[in-house]
Amino acid sequence: SRPHSMRLYRPFCSLLSQKVSVPNGLRLIPNFLPELHCQSWAERLDQEILSAAAELPPERATTYLSKQHNLKNNEYFKRISLNNFDLPKFLHCQHFEKYGEDGHKLTYFIGNQNIPTFIEANLIGALKNLPEVKQLSKDRDLSWNFTFNVYRSSLNKPSTVPGFPFHTDIPSNGAITFIYPLISSATLEMKRELPEFHLQQLHTHKPSAEPGSTTEQDSLTTYTAELPAGALLMFSGESRWDWQHRILPQEAPAVQDGESKVWRMSLVLGCQ
């Protein structure tokens, strides 16, 4: 069952914060795909990943330092292989048992050859119909990457659903990236990097731009959006490259006997 207090559905016009205008290239599409069907598949994938990681023989249980990731801290992963469900094909991925905050597990599937069949047929199949993706694919065969995020309450913070700190997706993730949240809503915050002119003013103590001007807003812009489960958020253009984003932690209802419960998942895709 879904925690009602964490699942917020609002009219489209109120999903986007009115603090500032929507960053260029950011697009929210409510009810993008049937959520329950995707959630059932994602829960199965989560169990497949946990089993594969637990069953690694000692000689293959090496933990590797990630050389490319989107957080400032060192992050470590294991190389695991999964059956592509009912197909005679293995998928190879990098599994981070802890990514950023306690309770956040991340699994990274790199390249078309490692995309699970369900994702390729359903999510990517639907994304290819978006005009932004059609435009990108005019002169190339698209390469896709898939990131699977699972957010559990942890033993250290049993009443908290972990978040995802401020970051910009690494360039190899794709020119366009997408977030598709499952189970419960998430609160997204974005911030724009200070442009060079404003940094110079801070160092030289020169007067800043006039209050309310475009340049002042651009230098200090923040933006907030509520992402309901089953909606799709797309980053392209400025929103992809010039803004950082994060997912805020949330309070989680109490669970019995210290159980670690999955409160939120997200399917993240990128293409280029």
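Author: Trp-41 counts as buried, because its relative accessibility is 8% and the cut-off for buried is under 20%. This value, like the others below, comes from a predicted model. Trp-41 lies in helix H2, which covers residues 35–54, and the helix has 20 residues that reach 28 Å from the first C-alpha to the last, close to the 28 Å expected at 1.5 Å a residue.

Since Trp-41 belongs to H2 and Phe-146 to strand S6 (residues 144–152), the pair ties together parts that are 105 residues apart in sequence. Phe-146 is itself buried, with a relative accessible area of 0%.

Strand S6, which holds Phe-146, is mostly covered, with nine of its nine residues buried. Trp-144, Phe-146, Phe-148, Val-150 and Arg-152 point one way from S6, while Asn-145, Thr-147, Asn-149 and Tyr-151 point the other way, and all of them are buried. S6 is joined by seven bridges to strand S5 (residues 104–110), and the two run antiparallel; here Ile-110 stands opposite Asn-145 in S6. S6 is also joined to strand S15 (residues 262–271), in this case by nine bridges and again in the antiparallel sense, and the bridge partner of Phe-146 in S15 is Leu-269.

The rings of Tyr-64 and Phe-77 have their centres 5.6 Å apart and their planes at 25 degrees, so the pair is stacked. Tyr-64 is in strand S2 (residues 64–65) and Phe-77 in strand S3 (residues 76–84), so that distant parts of the chain, 13 residues apart, are linked by the pair. Phe-77 is buried, with a relative accessible area of 5%, whereas Tyr-64 counts as partly exposed at 31% relative accessibility. The ring of Tyr-64 also has the charged end of Arg-79 sitting over it, 4.4 Å from its centre. An arrangement of this kind involves Lys-261 as well, which lies over the face of Trp-263 at 5.3 Å from the ring centre.

Elsewhere in the model, four strands form an open, antiparallel sheet in the order S8-S13-S10-S11. Strand S8 (164–167) and strand S11 (222–227) stand at its edges, each with a single partner strand, so one side of each is left without a neighbour in the sheet. Neighbouring strands of this sheet are turned by 15 degrees against each other on average, direction ignored. Within the sheet, S10 (residues 186–192) and S13 (residues 243–247) pair in the antiparallel sense over five bridges, and Glu-189 stands opposite Arg-246 in S13.

Definitions and conventions
Residues numbered from 1 in each chain as written. Predicted model: local features only at pLDDT ≥ 70, side-chain atom pairs only at ≥ 80, totals over all residues. Heavy atoms only, no water. Pairing = 2+ DSSP bridges. Axes fitted to C-alpha atoms, helices over the stretch in contact; angles between N-to-C directions. Buried < 20%, exposed > 50% of the residue type's maximum accessible area, 1.4 Å probe, protein only. Phe/Tyr/Trp six-rings, centres within 6.5 Å; stacked < 30°, edge-to-face > 60°. Lys NZ or Arg CZ within 6 Å of the ring centre and 35° of its normal. Expected span 1.5 Å × (residues − 1).
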